[in-house]
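Subject: Structure handover

Hello,

Please find the structure below. My notes on its pockets follow.

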Amino acid sequence: MFGDIKFVCMGGTKERMREFAKYISQVLDIPQTGKLANITKHSHRYALYKIGPVLSVSHGIGIPSMTTLLQEIIKLIYYSKAKDPIIFRLGSSGGLGVPPGSVVVSTFGLNGNLDKSYNVPVLGTTRTLPSFLDQRLSREVYSMALQSDDFSTYLGGTMAADDFYRGQARLDGPFCDYTEGDKIEFLNKLSELGVKNIEMEATAFAAFTSEAGLRASIVCTTFVDRLENDQVTPSKSTLTEWQTRPMVIVGRYISKILENV
């Protein structure tokens, strides 16, 4: 059933990945008869859709949820004997010095201690895994941006936070023991390190896909410039439109690759 998979596209919510499945079916001209089938509907955990050679699957919020799903997908790839599929994470994020609504193609993941690694405790010992993404793939995906796009696309690092509030230097959480000046100093330090956006999965996603020998890329839209604001203020309709922008970039890449197969 899954042996022909060439691309796995992952994202946080079931709704987003259902919409991506619909979108990629149009891009690849693969008609859907009837209601789009959620293959894992009865598991009540994740949603998974198969559109030709593309899997579209939700992974929840944060590293623990995402890595559970990702490792199950890696096993699925192995058992189905799918040949060298490319793994994408499509997400939303807070930008750093880029306009809200921009797209960021990640080159590396940075953890909360400003290291390009993911630490995972195994049998009482912490293992440190490098969190770099496939650089050639990142450039190839970035090249899918067009001058005619009504949004900007950037190439850069992504910080993966373990917490939405203090872990991302926000001032609007229930706990805050630092100042506006502390926040800006930290965010500027991230910018100096080449970080373009902040989310909650990049380090582990990069580490696990690299360990598995799979080419992988993260493509996120930004909802806010964290150097200007903590709050996400655009309307729901605007955010919904912005969420389609990573789909456009990834859809172009998938279409181009399949045209040359």
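Helices and strands here are DSSP runs, numbered from the N terminus; a helix run has at least four residues and a strand run at least two. Please keep in mind that this is a predicted model.

Largest pocket

The space in the largest pocket comes to about 460 Å³. Its lining is made up of 23 residues, and those nearest the centre are Arg-16, Ser-92, Ser-93, Phe-164 and Met-200. Of the elements, S4 gives the most, with five residues. Sorted by class, the lining of the largest pocket holds ten polar, eight nonpolar and five charged residues.

Second largest pocket

For the second largest pocket, the space is about 320 Å³. There are 13 residues in its lining, and Arg-16, Glu-19, Thr-240, Gln-243 and Met-247 are the closest to its centre. Which helices each supply at least two residues of this lining? They are helix H1 (14-27), helix H6 (236-242) and helix H7 (245-259). H1 gives the most, with four residues. By class, five residues of the lining of the second largest pocket are nonpolar, four are polar and four are charged.

One residue to look up in both places is Arg-16: it is listed among those nearest the centre of the largest pocket, and also among those closest to the centre of the second largest pocket.

Regards

Methods: Residues are numbered from 1 along each chain as its sequence is written. This is a predicted model: local features need pLDDT of at least 70, side-chain atom pairs count only at pLDDT 80 or more; totals for chains, interfaces and linings use all residues. Side-chain values use heavy atoms; hydrogens and water are left out. On a 1 Å grid over the protein atoms alone, a cavity is a set of points where a 1.4 Å probe fits but cannot get out, and a pocket is an open set with protein on both sides within 12 Å along at least five of seven lines; lining residues have an atom within 4 Å of a point. Grid points are joined across faces, edges and corners, and a volume is the space filled by probe spheres set on the points. Ala, Val, Leu, Ile, Met, Phe, Trp, Tyr, Cys and Pro count as nonpolar, Asp, Glu, Lys and Arg as charged, and the others, Gly among them, as polar.
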